[in-house]
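Hello,

Here is the structure I promised to pass on to you. Have a look at it first, and then read on for my notes on what turned up.

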Amino acid sequence: MPRVKRGADNPRMSAATLYDKIWDLHRVTELPGGQTQLFIGLHLIHEVTSPQAFAMLDEQGLSVRHPERTVATVDHIVPTTSQVRPFADPLAEQMLSTLEGNCARHGIMLHGIGSGHQGIVHVIAPELGLTQPGMTIACGDSHTSTHGAYGAIAFGIGTSQVRDVLASQSLAMGKLRVRRIRLEGERQQGVFAKDVILHVIRRLGVKGGVGYAYEFAGSCIDAMSMEERMTLCNMAIEGGARCGYVNPDQTTFDDLRGRPGAPSGEAWDRAVTWWRSLASGRDAQFDDEVVFDAAAIAPTITWGITPGQGIGIDEAIPLASDLPAEDRPLAEQAYTYMNLQPGVPIAGTRVDVCFIGSCTNGQLSDLRDAAAVARGRHVAPGIKAFVVPGSEQVAMAAEAAGLDAVFRQAGFEWRQPGCSMCLAMNPDRLEGRQISASSSNRNFKGRQGSASGRTLLMSPAMVAAAAIEGAVTDVRSLLR
């Protein structure tokens, strides 16, 4: 993996990158402490991190500065088996009712259950054409970096920052350095965007991107669909980067054209001209650059307790002695928690639950990829396997294409839209020491609802393969 370092004497030398251009366009002022007050073009909210922020506004007698730039949905706490109100969980019902009340009081658009546009916040905003190149986007959710796929700069923020954006439509932030990650070459069959980003995080580490924005570039990225780019940018945060993005190109414009929030007519032509001008040009300077050979990436799966503890499907769980010294203590924790033996191949690891969905991999193309594996086959005995579309729009499109029938015939449960078992702030949870094959984004201890539950991250197609075989399986053998 060749790596080129640039600007070692200047920690912030990036210039003329998309990140620099958007930052400069949204700069309000420089603050005394050295941070920048940055205007936020789009603020996305949901039911989990907004109640406290609205309460803080009320305490200070403040209103929402730009309600027309704030858009809400409900995703984290919604059940996926039955979404009839009131919810069986009184806390979930209270959180949704609070969001509904706050949005009504402040004039904020809420895409609620049954609206036709409810779903995971990072899925519905692009669907509606709200996510556009050149924007700054903030949301009280770690994986807001997803929107960078459209050539936007998107940040996950905390509850107090949600309050700040509601009150001022701006954030106090320090400027990041910019690392370009070039992925060159053509992927093998059975290697998806999830495999690509897990490979990148494996090589650069979960802290490798701290202080950086990641710009994804190269022929492999150029060939990716928008939904694949969203998967890539979604997990930039798992590599420590504050945001990840792809320069807007014809693929971006084709995806945006005709969406409800996108410009039309002459305004569309002007917008495309401007969007093209934002892309990092030949004169762009980066703080760092890393190059990967996409053709060398295999289907990748995590074995440990961070997204950086990943290996190719044809590899064995690494020995601690083969790892850098600083990685060994965490590896020892992972061996114990996951109950997996170093030196043993990851293929063949038995699983209990198979989950396809989340903001990372709940898009229509993800469901198509998984359905291609499930078609004509059946889930192994004793395996709980279910599919959760990322939004009502995704669900409707999948059902129109007959994907729900493919999954049901194969023994998968077809669920209603929501975050589901990604964070497990709803009834979809692991039980006890169950081990999950999951298309979500985090494999931390207890992440999927059980304090001792275990998670193996992989692509939706790999999850489907694991469900069929009852164990971790190289999806390429089923695709052949």
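Tyr214 is buried in this predicted model, because its relative accessible area is 3% and the cut-off for burial is under 20%. Phe216 falls under that cut-off too, with a relative accessible area of 1%, so this residue is also buried. What do the two rings form? Tyr214 and Phe216 make an aromatic pair. A pair of aromatic rings is described by the distance of the centres and the angle of the planes. For Tyr214 and Phe216 the centres are 6.1 Å apart and the planes stand at 85 degrees. That angle is over 60 degrees, so the pair counts as edge-to-face.

Another edge-to-face pair joins Phe407 and Phe412, with 5.4 Å from centre to centre and 70 degrees between the planes. Both of these phenylalanines are buried. Searching the whole structure gives 8 aromatic pairs.

The charged end of Arg179 is placed over the ring of Tyr212, at 4.1 Å from the ring centre. In the case of Arg415, the charged end sits over the ring of Phe386, and the distance to the centre is 4.4 Å.

Next, a pair of helices. Helix H13 covers residues 364-374 and helix H16 covers residues 460-469; they pack at an angle of about 30 degrees, and their axes are 8 Å apart. Angles under 35 degrees count as roughly parallel, so H13 is roughly parallel to H16. The crossing in which H13 passes H16 is right-handed. On the H13 side, the contact is made by Asp366, Asp369, Ala370, Val373 and Ala374. H16 contributes Pro460, Ala461, Ala464, Ala465 and Ile468.

Last, one more arginine for you to click on. Arg229 is found in helix H8, which spans residues 226-234. Is Arg229 buried or exposed? Its relative accessible area is 0%, so Arg229 is buried. Which residues does Arg229 touch, leaving aside neighbours within four places in sequence? Its contacts are Ala149, Ile221, Asp222, Met224, Val246, Asn247, Asp249, Thr251 and Thr252. Tyr150 lies 79 residues away from Arg229 along the chain, and their C-alpha atoms are separated by 8.3 Å.

Terms used: Residues numbered from 1 in each chain as written. Predicted model: local features only at pLDDT ≥ 70, side-chain atom pairs only at ≥ 80, totals over all residues. Heavy atoms only, no water. Phe/Tyr/Trp six-rings, centres within 6.5 Å; stacked < 30°, edge-to-face > 60°. Buried < 20%, exposed > 50% of the residue type's maximum accessible area, 1.4 Å probe, protein only. Lys NZ or Arg CZ within 6 Å of the ring centre and 35° of its normal. Axes fitted to C-alpha atoms, helices over the stretch in contact; angles between N-to-C directions. Helix = DSSP H or I, 4+ residues; strand = E, 2+ residues; numbered from the N terminus. Parallel < 35°, antiparallel > 145°, perpendicular 65-115°, else oblique. Left-handed = near helix turned anticlockwise from the far one by under 90°. Contact = heavy atoms within 4.5 Å.
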